[in-house]
Amino acid sequence: MKNMTLENIARACGGEYIGAEEMRQCEIKGAVIDSRLVEPGFLFIPIKGARVDGHDFIPSVFEKGALAVLSERRLYDAAAPYILVESTEQAMKQIAKFYRRSLPIKVVGITGSVGKTSTKEMIASVLEQRYRVLKTEGNLNNEIGLPLTIFKIRDEHEVAVLEMGISEFGEMDRLADMAQPNVCVITNIGLCHLENLITRDGILKAKTESFAHLAPDGIAVLNGDDDKLSEKKVVNGKPAVFYGIGREAKKYVDEDGEKLLASKEVYATDVKAVGLTGTHATIHIGDESFAVEIPIAGEHNVYNALAAVCVGRQLGLTIEEMKRGIEAVRTIGGRSNLIEKDGITIIDDCYNANPVSMKASVDVLAGAPGRKIAVLGDMGELGTEERELHAMVGRHFEGKHIDALFCTGTLSSELAKEVRAYSPLTEVFEVQDKEALIRKLLAYRKSGDTILIKASHFMGFAEIVQALTK
């Protein structure tokens, strides 16, 4: 890893190097927090967890050939050098910040209330048509995951596409300080993490903390159809790049009256669903345009494609490269992933949920063939309005012609109540727990059904997917 000598690492995190003088200039080959992933030449960073303290694994990682470790404790008879720090977690962030600054790589930072991961996948797919790209894997988008992703950057990488997820004020400031993005993408300002951020204005404030850490020539790419983001016309003295659906700026009405949202440099027209397999759109960039088949259903994925085009344009891609990248994108497990099993189509969207994404998934289900079955659970971190926000999703069923709703959870009764009121032809099955839901769903399903499965991650709805696919 370039410039990652033990001396530089100790200096970056303000730690005390303890070990042989001749090893100060040795470079680490990687950095991990999981002792099972340690390889010869790696730096091991022990993190104190609720149940396990990584410091307990220091002897074993030395046996595996670790070049050095961080430690909050003085070690006696250490088998190799170590760097003594007050907090290994804080030191890891400081080291990641130092490493990022030593690299000439372009960084695309992605945040937003909904669609971060899908947008990350879309942007990476587009940029891979020209560049060697590193992207965030799995859920490594927080203050532990982001530095681990940064540590995976190597000399061959030309662009890093980094997802940044937050739930409280100040968190984005710390993430973006590590990432130092050249392009900052914000997908939308929706209804999530309200427990800490309270309002959409709070969410906007928290998400836009990233702007303070944009590179001097950095650009903000924003959803111009979002009423909150459209207010950010200029970021750090430069015009923001807006995208959206439709050429004209959308109108928005609130208690202060009617206003026009942002004018869009990149926009889509002719948006048409292609069943559950995708969406057709024509994408316009200035005076140029191209037709594209987005291989994922839902209007929200058109927005993801538009964000990717904005980023591709900033990094010099051709229209042909952008079109090819959009059409090559694939879903990942738990996020609008289509699974065919025994004549049944399963929309596996169970990784997480909030009111905006829940309604978007119901819209996708509404376009499915056969019986349409929604399996929904509670959404978390919605603060004092959590019951009303669940009810809002229930009202969204009106006119969607969903055949059945299965739900469980302490808040989903609010959703079910509104479905009964606004969509009386939808059969509603409220069950006490997930196990009972699985039993009832397995008995109810039949060939030709399309089944949507969605809830916040803590509900563990992946078990329902597993029950339907085994």
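**Cysteines and overall build of a predicted chain**

Let me begin with C407, whose sulfur lies 16 Å from the closest cysteine sulfur, that of C350, which is too far for a bond, since a disulfide is taken here as a pair of cysteine sulfur atoms within 2.5 Å. C407 counts as buried because its relative accessibility is 1%, where buried means under 20% relative accessible area, with a 1.4 Å probe and protein chains only.

Residues are numbered from 1 along each chain as its sequence is written, and side-chain values use heavy atoms, with hydrogens and water left out.

C184 also counts as buried, at 0% relative accessibility, and its sulfur is 13 Å from the closest cysteine sulfur, in C310, so that this pair too is too far apart for a bond. By the disulfide rule the count comes to zero.

Turning to the chain as a whole, 57% of its 470 residues count as buried. Along its principal axes the C-alpha trace spans about 75 × 55 × 45 Å.

Finally, among contacts (heavy atoms within 4.5 Å) between residues at least 6 apart in sequence, 63% join residues at least 24 apart.

Technical notes
This is a predicted model: local features need pLDDT of at least 70, side-chain atom pairs count only at pLDDT 80 or more; totals for chains, interfaces and linings use all residues. Buried means under 20% relative accessible area, exposed over 50%, partly exposed in between (1.4 Å probe, protein chains only).
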